[in-house]
Amino acid sequence: MANEPSGARQIGVIVCYALPGHVWLRELRLPEGATVEDALAASGFAQAFPVVKPWERGVGIFGRAAEPQARLADGDRVEVYRGLSFDPKESRRRRAEHRRAKTARNGRVRPAGLL
């Protein structure tokens, strides 16, 4: 890069936070050796979402949980997680009920005792 001091290498990272219907995304250039915590600070996440505490729900790199001091590599995507809006077990139960009802409507009923 033209603006880099001699010998100062930089990496490109993305910080993202998925909201219902919208994704907040910031592309950053950081010094080599930067951490997840550095990326969050440089992204302006705290100013954009002052009530969100990113470490409560978790922060990760490409879907894997990361600690604040984890070092970043060029091209990493830092993800700030949020709580689930539904219970995964409840969703699986509802899908199974839906499949059973659909099968019964189509006249294909499983014999008793078979799952």
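**Basis.** I am working from a predicted model, in which local features need pLDDT of at least 70 and side-chain atom pairs count only at pLDDT 80 or more, while totals for chains, interfaces and linings use all residues. Residues are numbered from 1 along each chain as its sequence is written, and side-chain values use heavy atoms, with hydrogens and water left out.

**Sheet.** I took helices (H or I, at least four residues) and strands (E, at least two) as DSSP runs, numbered from the N terminus. I counted two strands as paired if DSSP finds at least two bridges between them. On that basis 5 strands form an open sheet with mixed pairing, in the order E2-E1-E5-E3-E4. E2 and strand E4 (64–65) are at the edges with a single partner strand each, so one side of each has no neighbour in the sheet. H1 packs on the sheet and touches E1, E2, E3 and E5. I read the direction of H1 at about 115° to that of E2; axes are lines fitted to C-alpha atoms, for helices over the stretch in contact, and angles run from 0 to 180 degrees between N-to-C directions.

**Pairings.** I went through the strand pairs next. E1 and E2 are antiparallel over 10 bridges, and Gly12 has Arg29 in E2 as its bridge partner. The two strands form a hairpin with 2 residues between them, and Gly21 in the turn has a positive phi of about 80°. E1 and E5 are parallel over 4 bridges. E3 and E5 are antiparallel over 3 bridges, with Ile61 opposite Val78 in E5.

I listed the contacts (heavy atoms within 4.5 Å) of Leu30 beyond four places in sequence: Arg9, Gln10, Ile11, Val13, Ala39, Ala42 and Leu72.

Is Thr35 buried or exposed? I found Thr35 buried, at a relative accessible area of 8%; buried means under 20%, exposed over 50%, partly exposed in between (1.4 Å probe, protein chains only). Thr35 lies in the loop between E2 and H1. Leaving out residues up to four places away in sequence, Thr35 touches Pro68, Gln69, Ala70, Arg71 and Leu72.
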